[in-house]
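Biologist: I should like to learn how to read a structural model, feature by feature. Please give the general idea each time and then the case at hand.

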Amino acid sequence: MLKIDGVSKLFNPGTVDEKIALMHANLHLKPGDFVTVIGSNGAGKSTLMNIISGVMKSDAGKIFIEGKDVSELTEFKRSRWIGRVFQDPMAGTAPRMTIEENMAIAYTRGKSRGLSFGVTRAKREIFRKELQRLGIGLENRLNAKVGLLSGGERQALSLLMATFTRPQILLLDEHTAALDPARAELITTLTDSIVREMKLTTLMVTHNMEQAIRLGNRLIMMDKGRIILDIPESRKKDLTVEQLLGEFERISGKKLADDRIVLG
Amino acid sequence: MLASMQGAVESGLLYALMALGVYITFRILDFPDLTVDGSFTTGAAIATVMTINGTQPWIAIICAFLGGAAAGLCTGLLHTKGKVNGLLSGIIMMIALYSINLRIMGKPNLSLRNQMNAFDQIPVIVIAIVLAVVIKILLDQFFRTDLGLSLRATGDNNRMIRSFGSNTDLTTIVGIALSNALVACSGALIAHHQKFADNSMGIGMIVIGLASVIIGEAIFGSKSIFRATLAVILGAIIYRIIYALALRVPGMEAQDMKLITAVIITCALVIPTVRRAINTKTSARKRTAEVLSGLSRPGGGGR
């Protein structure tokens, strides 16, 4: 489904600030895979997300989606296959537009946008039904401006907007990190149920160790731009946070350093 | 007095198209587009020259609309493809248009007296009302289409709309072109209304457009696109009325009008801010006093 083949990225190449963000990273996701990604600061997790989505172009290597080489496509062209939720709850929705208008934008993902009405009666019913999935009453507030919603509500809406058109790939970049624990738990639960239900191929960056173990069927660990550990479902089931941290220390020779790390 | 009021409403409605253009760039796209000063004159120049050369006035005005769109297209390309700062790309086009407009007209001003006129058959006020209403409704509908929604989202949350597969370069260019098309159309109508075109008639137009948007929004609100476009049109009319009244003040002359415009827009910007600050302060004081008196009372809750 998603194949990352020898992708490398340098920041500030040729200067004193040169930094290896990704070093020959290889990753292959099968359809329906739900992979959680952990790693220390500057391990290249976000860079990996940005290169897959096309925000950045890699310096070497290729990205394939369903066997198609998308390495040279721009971000907006790739988003036809890729749904994304950002860390910032404000980033995934347009605040001065209503909930149904935001849903209409998500609904036309990857299609050409012409002069037909964005919100019609038929589409409104679809939106209402999809919003019910979230269970937070947004289906009754279709005409509310998104800017009036709380951070948790906005992130739930972002998650729904990123997923309800069933993109081939879902990228979640620490999408619960900016929320308080209760909201984060809500979004985590929703993520789990939506990804399962829609069978989305998902890559999720998290700094929450417990979440990384609990969610998904595969876990990868990154350090210094490399994927240093790839834990399959069979081993992941019985994994504990202690084991995971120990594993990291053993391979990288240092403690996992993430200033926002949550052990669980 | 009454005649001058009717004149103010008429030209307010004609200038409203320009104000709607400014609204599209400033408010919807969040792009400060200064092309307006040039494209307003471009519209007037195209319509005047074509009319003098025997083209039907309404066809000339449609050509002015297209000419404005072309000017906006250039600004949009400069900004998105050339990565030139938004303000700067507008200024560059504005200065380029100054020469282009002179080229179109051949000399600094042209008279439309004794020529065919767009307002020959039907009174100005009727045409102006119909045009303003029709264009307002068309814009309202456009901003509800898929393309319109992605244009609004481009100004609202650029990153989000790109993640949903919209080419923000394209939506930005479309928005700026549409805006300047309306501005040029307004310029063409004004030229026909006042029966001349002048190479300097667009100077300060951006400020007048902004003043209309700000006055309209301050008085009538901007909760939805429908409300906002209505507010912009009414704002343009109110601006013209204030302008007409200011001209009647003894000692005021036409040459003072740019200064008056500056004063009007300053008031429109500063008064709401000051009012908000005063409101916050008084309500905070009142509330604090309430809380304090509640606390001093024995058993009183400090809710």
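Modeller: Let us begin with the elements. Helices (H or I, at least four residues) and strands (E, at least two) are DSSP runs, numbered from the N terminus. A:Lys255, for instance, has its place in the segment after helix H9 (241–252) of chain A. Residues are numbered from 1 along each chain as its sequence is written, while chains are lettered from A and ligands numbered from 1 in the order in which they are written. The model is predicted, and local features need pLDDT of at least 70, side-chain atom pairs count only at pLDDT 80 or more, and totals for chains, interfaces and linings use all residues.

Biologist: Is A:Lys255 buried or exposed?

Modeller: A residue is buried if 20 or more other C-beta atoms lie within 10 Å of its own, exposed if 12 or fewer, and partly exposed in between, with C-beta atoms placed from the backbone. A:Lys255 counts as exposed because it has 10 C-beta neighbours inside 10 Å. Its C-alpha atom is separated by 8.8 Å from that of A:Ser40, 215 residues apart along the chain.

Biologist: How is chain B organised along its sequence?

Modeller: The pattern of chain B reads α-α-α-α-β-α-α-α-α-β-α-α-α, with eleven helices and two strands. Its C-alpha atoms fill a box of roughly 90 × 55 × 30 Å along the principal axes. Of its 303 residues, 50% count as buried. Two residues are in contact if their C-beta atoms, placed from the backbone, lie within 7 Å. Among the contacts in chain B with a separation of 6 or more, 79% come from residues 24 or more positions apart.

Biologist: Which residues touch the most other members of the largest nonpolar core?

Modeller: A nonpolar core is a set of buried Ala, Val, Leu, Ile, Met, Phe, Trp, Tyr and Cys residues joined through C-beta atoms within 7 Å. In soluble globular proteins, nonpolar side chains tend to be buried together. The largest core here has 86 residues, and those touching the most other members are B:Ala16, B:Ala19, B:Tyr23, B:Cys185, B:Ala188 and B:Val232. Helix H1 (residues 2–28) of chain B gives the most to this core, with 15 residues. A second, separate core holds 74 residues, including A:Leu138, A:Leu171, A:Met209 and B:Ala153.

Biologist: How does one check the length of a helix, and what covers the buried residues of H4(B)?

Modeller: The expected span is 1.5 Å times one less than the number of residues. Helix H4 (residues 86–105) of chain B has 20 residues and should therefore span 28 Å, in agreement with end C-alpha atoms 28 Å apart. Its buried residues include B:Gly86, B:Ile92, B:Leu97 and B:Met105. Among the elements that cover them are helix H2 (36–52), helix H3 (57–80), strand E1 (109–111) and strand E2 (196–198) of chain B.

In chain A, helix H6 (residues 181–198) reaches 25 Å from its first C-alpha to its last, close to the 26 Å expected for 18 residues. The buried residues of H6(A) are A:Ile187, A:Thr188, A:Leu190, A:Thr191 and A:Val195. They pack against strand E3 (34–39), helix H5 (151–163), strand E7 (169–173), strand E8 (201–205) and helix H7 (209–214) of chain A.

Biologist: How many residues does each chain give to the contact between chains A and B?

Modeller: Chain A gives 26 residues and chain B gives 19 residues. On the side of chain A that touches chain B, helix H2 (75–78) and helix H3 (99–107) of chain A are the elements that give two or more residues. H3(A) gives the most, with four residues.
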